[in-house]
Amino acid sequence: MAELLKHPKIMKNAKEELNNVVGRNKNVEKSHISRLPYLGAILKETLRLNPVGPLLASRCPSSSCNVRGYVIPKGAQVFVNAWAIQRDPKYWDNPLEFQPERFLQGTTNKADFIGNDFRYIPFGSGRRRCVGIPLAERMVPYALASLLHLFEWRIPEGEEIDLSDKFGIVLKKNTPLHAIPFPRLSDPSLYV
């Protein structure tokens, strides 16, 4: 929501997609989600810039090994910095800009949450990838689509949106987002 409020044109595009797929006279349903590619791209871009866990679960090699010229001793604790990888200009054009369209075109349109594309690993990869992937794939798009479809969102007067991060085991915003919802649809029964 913070990224969308900071980028009103992207929010407008998402609402247009919702209007075209869902319409303005009914609620978002599970069957609509697969027909909302722009919304999916917004989620992927959000997780690219703001992965929930910036450092993936640690690994510990059972024997010493050499990775690209670096010797990693047996028993060393190794952390993968997903936050840095997903912002690396070697892999991403304009890596610090919020651009959901990057997931609708070219090679990144195939990026998924499973961890097959090592440039995009918000949930890790392999056997130790996050068990919350089904939640991210099913519930988060549905919740976001519903919130965007039902409400207009504004920040309180005089407040600014701060997108800076506070590092920890999980990534949080330095300043929590305060957003005020206003009914968007004219049929009050849609809000029951």
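User: What does Tyr191 count as, at 28% relative accessibility?

Analyst: Tyr191 counts as partly exposed. The cut-offs are simple: buried is under 20% relative accessible area, exposed is over 50%, and partly exposed lies in between (1.4 Å probe, protein chains only). Keep in mind that this is a predicted model: local features need pLDDT of at least 70, side-chain atom pairs need pLDDT 80 or more, and totals for chains, interfaces and linings use all residues. Residues are numbered from 1 along each chain as its sequence is written, and side-chain values use heavy atoms, without hydrogens or water.

User: How do I read a salt bridge, and how many does the whole structure hold?

Analyst: Side chains of opposite charge can pair when their charged atoms come close. The test is a side-chain nitrogen of Lys or Arg within 4 Å of a carboxyl oxygen of Asp or Glu. A search of the whole structure gives seven. Start with Glu45 and Arg48, whose N to O distance is 2.8 Å.

User: Where do Glu45 and Arg48 sit in helix 4?

Analyst: They are three residues apart in helix 4 (residues 37-49), so about one helical turn separates them. Helices here are DSSP runs of H or I with at least four residues, strands are runs of E with at least two, and both are numbered from the N terminus. Glu45 is buried at 0% relative accessible area. Arg48 is buried too, at 0%.

User: Which Arg forms a salt bridge with Glu45 at 3.1 Å?

Analyst: That is Arg102, with 3.1 Å between the closest N and O atoms. Arg102 lies in the loop between helix 5 (82-85) and helix 6 (133-150), while Glu45 is in helix 4, so the pair ties together parts 57 residues apart in sequence. Arg102 is buried, as is Glu45. Elsewhere, Asp165 and Lys173 meet at 2.8 Å, N to O. Lys173 is partly exposed at 25% relative accessibility. Lys15, Glu152 and Arg184 are linked in a network of salt bridges.

User: What is the phi of Arg68 near?

Analyst: Most residues other than glycine have a negative phi. Arg68 has a positive one, near 50 degrees. Arg68 sits in the loop between strand 1 (65-67) and strand 2 (70-72), and counts as exposed at 77% relative accessibility. Asn94 also has a positive phi, near 45 degrees. Its place is in the loop between helix 5 and helix 6, and Asn94 is partly exposed at 43%.

User: How many aromatic pairs does the count come to?

Analyst: Rings of Phe, Tyr and Trp (its six-membered ring) pair if their centres lie within 6.5 Å; planes under 30 degrees apart are stacked, over 60 edge-to-face, and the rest tilted. The count comes to five. For Trp92 and Phe103 the centres are 5.9 Å apart and the planes at 45 degrees, so the pair is tilted. Both lie in the loop between helix 5 and helix 6, so the pair ties together parts eleven residues apart in sequence. Trp92 and Phe103 are buried. Phe151 and Tyr191 form another tilted pair, at 5.6 Å centre to centre and 55 degrees between planes. This one links distant parts of the chain, 40 residues apart: Phe151 in strand 3 (residues 151-154) and Tyr191 in the segment after strand 6 (180-183).

User: Which residue lies over the face of Trp92, at 5.0 Å from the ring centre?

Analyst: A charge sits over a ring if NZ of Lys or CZ of Arg is within 6 Å of the ring centre and within 35 degrees of the ring normal. Arg48 meets this for Trp92, at 5.0 Å.

User: How do I read pockets, and how much space lies in the largest pocket?

Analyst: Rolling a probe the size of a water molecule over the atoms shows where empty space is left. A pocket is an open set of points on a 1 Å grid over the protein atoms alone, where a 1.4 Å probe fits, with protein on both sides within 12 Å along at least five of seven lines; lining residues have an atom within 4 Å of a point. Points join across faces, edges and corners, and the volume is the space filled by probe spheres set on them. The largest pocket has about 670 Å³. Of its 25 lining residues, the closest to the centre are Met1, Thr46, Leu47, Asn50 and Val52. Helix 6 gives the most to this lining, with five residues.
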